[in-house]
Every structure is written in C-alpha cells, then in structure tokens.
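User: Could you walk me through this one? I have not looked at it before.

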Amino acid sequence: MTTTVSAESQPFQAEVAELLHLMVHSVYSETDIFLRELISNASDACDKLRYEAIAGPELITDGAPPEIRIVPDKKADTLSVVDTGIGMDRQELIDNLGTIARSGTKSFLSKLTEAKDGANLIGQFGVGFYAAFMVADRIVVTSRRAGSDDVWVWSSEGGSGFEIAPASEEAAKRVARGTEIMLHLKKDAAKYLEAYEIERIVREYSDNIQFPILLVPEEGEPRQINSASALWQRSKSDLKPEDYKQAYQQIAGAFDEPAMTLHYRAEGRQSYAVLLFAPSTKPFDLFQVERKGKVKLYVRRVFIADDAELLPAYLRFIRGVIDSEDLPLNISREMLQNNPQLAQIRKAVTTRVINELETLGDKDQDAFTKIWDAFGPVIKEGLYEDFERRDKLLALSRFTTTAGEKRSLKQYVDDLKPNQTEVYYLVGDTIERLKSNPKLESARARGVEVLLLTDPVDAFWTSAPLEFGGKPLKSLSQGDVDFGLIPLTDDKAETKDEREADAATTIAVIKDALGERVSDVRASQRLTASASCLVAGGDARDRALERLLAQQNRGSVTRPILEINLRHPLVAALATDTAQAKDLAFLLFEQAQILDGEMPDDPAAFASRLNQLVLRGVAK
C-alpha cells in the first residue's frame, strides 16, 4: 500500500464540471438510473478482470469470484456499490473519473440542458457515473487494481474538482481487489437505503447482469438479488418480451425499447448464441469517424471484446451479444481481425440480420419504419461498401420519391410507366429543393417517379453502377436523358412550338459567350418550363458527388454541360437579340447554378447583369 504520496487536489475537465453542475442542480424523474449505471460499470470491471486473467491468472490468485455488492448504511446515510473486478490505479482514477474522453459530450450537454428529463440521455451518452451526483452530495471511490498493493481514494463533492490520495489502512483492508463507490446520500434520497427499493431497481434494470449482485443488509446475511443468467443462452420459449427489453437496456445502456430482437443459436461447424437488438432511437455516436460496432463478443460466457467488428460498419447501430463455444479464450484483439472462425460468424450473422430486417419490413411496417428513420443513412453505406449484399440492401431501402414516402424499389418497378426502362433519381440537399428542381420537369409531365435522395451518403452509393429488377438506376443530373418514348400524362403538356429557337445558332452563341465555363451546350430533353439546367457528362461524376468531394478538398469540379430549353422565351430571345446575347447567355448559366444550389462565380456581376436586363424590360 502506498504511504508516501500526500493527497492531491485536481480540477475537473471543463465539460465534467459543466455536467456535474447540471446533475447537482437539476431534478429528473428517473433518478433510479444512477444505481443501474453504477452496477453496469461494476459489471464491466468484472468482465475486464475475467478477460485479463486469461493471460494473467495471478490476478485472481486470491480465489475471490467476481461479484457486485450493494451495501446500505442508514446510520451513516451512505450507499456503497462494491465490485471485485479489475480495479483502477491512481492514473486510471484520474482518467476515468476526472475527464470524459467521449466525442459526444458536447452534444450530450446541449441536449441535457434542453431536456425536461435527462434520464434517457444519461444512459444514451454513457456518462452514468456522474448520474450518482443526482442523489449524492459527496462520492468517495476506493480502488485497488488487480495484482497491485497500492490502494487509492478518489473523492469529490461535485464542485469544480476532486481529491486523490492513498487509502488509509482501514480502507485498504476493505478493498482487497476492485472498486468501492460510496455515496453520501442527500436527504431526499434516503429511500435508496431501503432494501425493497434496491431490489426493485435491480430487478427492473440489472437482473440479467452475469455476476451475482449481493445485497448486504445492516442485519442478516448477504443475499443475491439478481438472476445472474446469460439470457442469450436460454431458450426463446422461456423468455417474455419484458425479459428482452430488460436485457436490451442493460446490454446497450439504453432506455428506449428495441424495434427488433434477434435471438437464436447456431449449431453445426460452429456453435454460438446470438442476441441482437435494433434500437428504436438514434444513439449519439452513430456518425463517429471510427464507425465502431457495439456488439459484444463472449467466449463460453467470458467477455472478450466490445469492438471485435462482429458486423460490418453499416450495421453498427445493432446492439447485443455473440457468445461463441469454439473460439479460444486467449484470443487477442490482434487475432480477432484475422481469425477465420470469427470471419465465418461475421458473415453468417450479417446475412441473418439483413434477412431479419427484410422480414420486419414485410410483416411489421411500424417497427421497420422506426429503424429506417433512425438508421437508413447508415444502412445505405452498405450499398457503397458491400457488393455481395448490394441487391438485398437495395430491396431493403426505402426512399422519398415524387410519388410518396417510404417507397421501396419493388414498388417503384411495379409502377413503371409504359416504355420506361430505367429507375430515375436526383441527389440534392433537401427534399423541397429537389422537388422544385427543373430537371424533374419532363419526368413530371409523364408521371415518371423519381427518387429524391438527400442523405450525404446518397452521392456516394449512386456512383456505383446499380440496377434493380433488371432496371438500371439513372441520375437526372448526369448523361443523356430521353423520355421521348414515354407518353405524356396530358397530350397538350408539351407540344412543338413554331417559335422554337434555332438549335445550332443558339448553341453557338452561348458557347462563344461562356467559353471555358462549360464543357458543352446542348438542347435539353429534361426541361419543359425552365430555361436551363446544368448536368454532368455520361462518364463524369454526378454533380452532387463532385460538390461534396470539392467541399472536402477531395477532388476538383469538372466543367458542367449547360442544357437549354429551345422553347423558352429567354432562349428564343438570345438567338435574335445580338446586343443582349452575352448577358442572356450568362444569365442562363448563372440561374442554372443557383437552381443547383451553387453560387454564381461572380455574384456582383450576376446582380448587375440581372438589374440591367430588368431595367431594359421596364423601360419598354
């Protein structure tokens, strides 16, 4: 035991101090969750001990099994949560309890400030330890790391900082291994010293924790108050929906209900149990750069890793457990990446999850809609990354189209117009802007349905050659589009006008005026009412993808093609009014840029040109 280092005061990380202020000065209806979070942390510590003991059996030479004890003391007004897990040394106490090394903290704090009840957010953002300050005005953490003689005490009253010091001899005797968290309860939190209240919370939130949770009353013998069973190893027939809900909330650290539950056992060349859930709400870390999964890997009920990449990144929203009977217990994190058995499990489970989502989409639209609304943009990453399952993912996907919302490609293909041979789409920033895009005009005149794609990932997956039901996907912003063989919904909607501008003359004038700003000028088959639009060549990238890559400095923007509507009065005027031809050509180009969501190259020159043309019209 360390005896030469004196107590030291340290400030909290700024975000921790802000978080604690909210915890201490706010009142949430679900204060019970503090105990669930502390028990969850204790369970993680026990899991880590079992994993580290595989390589270092000396860590558990004392023979004490991993367990969690809850000790209420009414005389002292304290409630202690004690585990015999891995424990923490001095630096780990500082790192784990003095800082929040989570990229979602800022977002959590802003949402917590706005929320009327932050209980759900606390679980969602994984800052559960600090929830204890909702019921305690002082917290003392005593910890001894497994295999160490040193015992350290971390303490704080939820203010601007904390103290860390060597443990007294008495405290060191209490903690032979692991961590003791002692809460000095506030007066209005006295109910958490009652045995029935502690048991109620454990039954509701923590019954399926795999380690024994013992209640140590002030009088009488300690007794276990949880079932401590690996629920995923039990038969589905023995379980109720409430059991799955509780298991999901405990495993995922969540408070919503699962929108989908997948529980099965695989037998044969490999044996493993699977219990997976799709949340019904979006977790905060869904779009972190690492795109790490949150499915935990166990081997014969021993926790191995929580980031073993058991599912592809586009299914990272799935939570749960995979428990293998065949993998070696001493498998390292490096071996996880290249283990052929694990690769087979990953492939089989991925296929099963996608099949389950597909079945859900057919049989339970409400549940599937929850999943798609929350995770559709993530699932669509697989269209770009997973060639093997691309067809299945396309069938699974739902789209907002010019015909409605949550439309599948099967519905689209079933509703094809006569002579329509392609599935059309348009990529942009917002649904409203896409609906007003002039590139839709000719399709709309024929009742042709168009997919309206607004997620950033849409610009990427549509860059791959895709088809569905034998119909290729075609961008209305790229290459040639000809709707000539598809009949108009109204025969009078689009007729040849004798005043149609001469194509060769008009195109030559515009090319001469715009020069190198465009790669080509041509008559449009897309437009019926608007004067012009910009498109990409057939071999070039879609314009939406080019803009996105350019914003990230990952590629240059190629010169677009300017398409013109020869029946539009502005285009007709350009061919006959040589004095205004250059200004009109620039106006056609710049208004097409604006309609595409771009700024004109020279906004001041555009405004001046527009003003001059308006004034000429007023003067007449």
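Analyst: What follows is a tour of some helices, their contacts and a few loop residues in this predicted model.

User: How many helices and strands does the chain have?

Analyst: The chain has 22 helices and 23 strands, and 52% of its 620 residues count as buried.

User: Let's look at H21, then. Is it enclosed or exposed?

Analyst: Helix H21 is largely enclosed by the rest of the structure, because 11 of its 15 residues are buried. The buried residues include the run from Asp583 to Glu590, that is Asp583, Leu584, Ala585, Phe586, Leu587, Leu588, Phe589 and Glu590, and Ala581, Ala592 and Gln593 are buried in H21 as well.

User: Which span should H21 have, and what does the model give?

Analyst: At 1.5 Å a residue, the 15 residues of H21, which runs over residues 581-595, should span 21 Å, and its end C-alpha atoms are 21 Å apart, so the two agree. H21 is followed by Gly597, which has a positive phi near 85 degrees.

User: How does H20 sit against H21?

Analyst: Helix H20, residues 569-576, packs on H21 at an angle of about 150 degrees, with the axes 8 Å apart. Angles over 145 degrees count as roughly antiparallel, and H20 and H21 are therefore roughly antiparallel to each other. H20 passes H21 in a left-handed crossing, and the contact is made by Leu570, Val571, Ala573 and Leu574 of H20 with Ala581, Leu584, Ala585, Leu587, Leu588 and Gln591 of H21.

User: What kinds of residue is that contact made of?

Analyst: The contact of H20 with H21 divides into 9 nonpolar residues, 1 polar residue and no charged ones.

User: Why might residues three or four places apart in a helix point the same way?

Analyst: An α-helix has 3.6 residues a turn, so residues three or four places apart point the same way.

User: OK, what about H10 and H11: at which angle do they pack?

Analyst: Helix H10 (residues 340-363) and helix H11 (residues 365-379) pack at an angle of about 125 degrees, and their axes are 6 Å apart. That angle makes H10 oblique to H11. H10 passes H11 in a left-handed crossing.

User: Which residues meet there?

Analyst: On the H10 side they are Leu357, Leu360, Gly361 and Lys363, which meet Gln365, Ala367, Phe368 and Ile371 in H11. By class, this contact of H10 with H11 has 5 nonpolar, 2 polar and 1 charged residues.

User: Switching to H8: which of its residues are buried?

Analyst: The buried residues of H8 are Tyr244, Gln246, Ala247, Tyr248, Gln249, Gln250 and Ile251. The 12 residues of H8, numbered 241-252, should span 16 Å at 1.5 Å a residue, which agrees with the 16 Å between its end C-alpha atoms. Just after H8 comes Gly253, with a positive phi of about 65 degrees.

User: You mentioned H2 and H7. How do those pack?

Analyst: H2 and H7 pack at an angle of about 65 degrees, with their axes 10 Å apart, and H2 passes H7 in a right-handed crossing. Ile33, Leu35, Arg36 and Ile39 of H2 make the contact with Ile198, Ile201, Val202 and Tyr205 of H7. The residues of this contact of H2 with H7 divide into 7 nonpolar, no polar and 1 charged.

User: Which residue other than glycine has a positive phi near 50 degrees?

Analyst: That is Arg291, which has a positive phi near 50 degrees and lies in the loop between E11 and E12. At 28% relative accessibility, Arg291 counts as partly exposed. Ala228, which is not a glycine, also has a positive phi, of about 55 degrees, and Ala228 is found in the loop between strand E9 (223-224) and H8. With a relative accessible area of 23%, Ala228 is partly exposed.

User: And Asp285, is that buried or exposed?

Analyst: Asp285 counts as buried, at 11% relative accessibility, and Asp285 lies in the loop between E11 and E12. The C-alpha atoms of Asp285 and Arg316 are separated by 9.9 Å, with the two residues 31 apart along the chain.

Technical notes. Residues numbered from 1 in each chain as written. Predicted model: local features only at pLDDT ≥ 70, side-chain atom pairs only at ≥ 80, totals over all residues. Heavy atoms only, no water. Axes fitted to C-alpha atoms, helices over the stretch in contact; angles between N-to-C directions. Helix = DSSP H or I, 4+ residues; strand = E, 2+ residues; numbered from the N terminus. Parallel < 35°, antiparallel > 145°, perpendicular 65-115°, else oblique. Left-handed = near helix turned anticlockwise from the far one by under 90°. Contact = heavy atoms within 4.5 Å. Nonpolar A, V, L, I, M, F, W, Y, C, P; charged D, E, K, R; others polar. Expected span 1.5 Å × (residues − 1). Buried < 20%, exposed > 50% of the residue type's maximum accessible area, 1.4 Å probe, protein only.
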